[in-house]
Structures are given as structure tokens and as C-alpha cells.
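Here is a friendly tour of a sheet and a few side-chain contacts. Have the sequence and the model open as you read.

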Amino acid sequence: MSLQLTPTTIAYRSAVASAAAGGAPIAPLAFMAFGQDGTPYNPDTDTALHAEFVRVPISCTIQGATVVARGVLTGVQTGNRVVREAGVFTSTGVLVGRRALAQKELESETEMEVEIHFEY
């Protein structure tokens, strides 16, 4: 099974390039945000989710040149909202990338795990 890789945003690539050129550390991937808007992702212009309602800490793993960011959203966190987008942010708030999702509704006692894969 092949995994869908999410392209990183211009904002994130610019931050990485600036860090590489200046020798500064690159901010780690830290949060996954969830939102209610299913607008298609545009890595050239997106800098935020379109209708964010919560951020959760993430875990990351490395698979070769791929970083896998995982976030878990609970039904309690969604309230009565419908989840339509998820995005990964650095610890400094730069959007790394986002995905438009098929509409998801969670009951209060449920949770969903979302993985977003980025290739470096």
C-alpha cells in the first residue's frame, strides 16, 4: 500500500531554508490542528487552517526520508463540530501542511487518529 505524501507549505520550506542558510535550528513539528472547512489544500498559499477549532500535541516517527505526524482527536474536543481538515504546525506556529478530510463526526466517547506524511 502506498501512502499519500503531503507537500509542505511555502511558509515551512522558507523557514527550513532560512534555518539552513543561517545555521539556526529548525522548529520541530509539534501540533496537529483540526478544523471544519474542507477547502482543498494549496501548499503555495495556505498558512493556516480555514476553520480551526482545536490543536493537539503530535508524535512523529521517521520512515526513511518521510516524517509521519500523528495526532489524536477525541469526540469531547470536537463537541458538535464536523471535522473536515487537519494540519501540522511547528512549535513556532508555522503550518507545515494540511489535508482536507471527508466529513467526520465523532461521538463524545470516541477518538480518531490522523496521520500526515511529509517527505524530506
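**Briefing: a sheet and its contacts**

Gly-64 takes a positive phi near 65° in the hairpin of β2 and β3, where two residues lie between the strands. Helices (H or I, at least four residues) and strands (E, at least two) are DSSP runs, numbered from the N terminus, and two strands pair if DSSP finds at least two bridges between them. Please keep in mind that this is a predicted model, in which local features need pLDDT of at least 70 and side-chain atom pairs count only at pLDDT 80 or more, while totals for chains, interfaces and linings use all residues. Residues are numbered from 1 along each chain as its sequence is written, and side-chain values use heavy atoms, with hydrogens and water left out.

**The sheet as a whole**

- Six strands make up an open sheet with antiparallel pairing, and their order is β5-β4-β1-β2-β3-β6.
- The edges belong to β5 (95-104) and β6 (111-119); each has a single partner strand, so one side of each is left without a neighbour in the sheet.
- On average, neighbouring strands of this sheet are turned by 25° against each other, direction ignored (axes are lines fitted to C-alpha atoms, for helices over the stretch in contact, and angles run from 0 to 180 degrees between N-to-C directions).

**Strand by strand**

- Strands β1 (residues 29-35) and β2 (residues 52-63) run antiparallel and are joined by five bridges; here Gly-35 has Glu-52 of β2 as its bridge partner.
- Between β2 and β3, also antiparallel, there are six bridges, and Ser-59 is partnered by Arg-70 in β3.
- Strand β3 (residues 66-74) pairs with β6 in the antiparallel sense over nine bridges, with Thr-66 opposite Glu-119 in β6.

**Aromatic rings**

- One aromatic pair turns up in a search of the whole structure (rings of Phe, Tyr and Trp, its six-membered ring, pair if their centres lie within 6.5 Å; planes under 30 degrees apart count as stacked, over 60 as edge-to-face and the rest as tilted).
- That pair is Tyr-12 with Tyr-120, edge-to-face at 6.4 Å centre to centre and 90° between the planes.
- Tyr-12 belongs to helix α1 (residues 10-22) and Tyr-120 to the segment after β6, so the pair ties together parts that are 108 residues apart in sequence.
- Tyr-12 counts as buried because its relative accessibility is 4%, whereas Tyr-120, at 49%, counts as partly exposed (buried means under 20% relative accessible area, exposed over 50%, partly exposed in between, with a 1.4 Å probe and protein chains only).

**A charge over a ring**

- Arg-55 has its charged end over the ring of Phe-89, 3.9 Å from the ring centre (the criterion is NZ of Lys or CZ of Arg within 6 Å of the ring centre and within 35 degrees of the ring normal).
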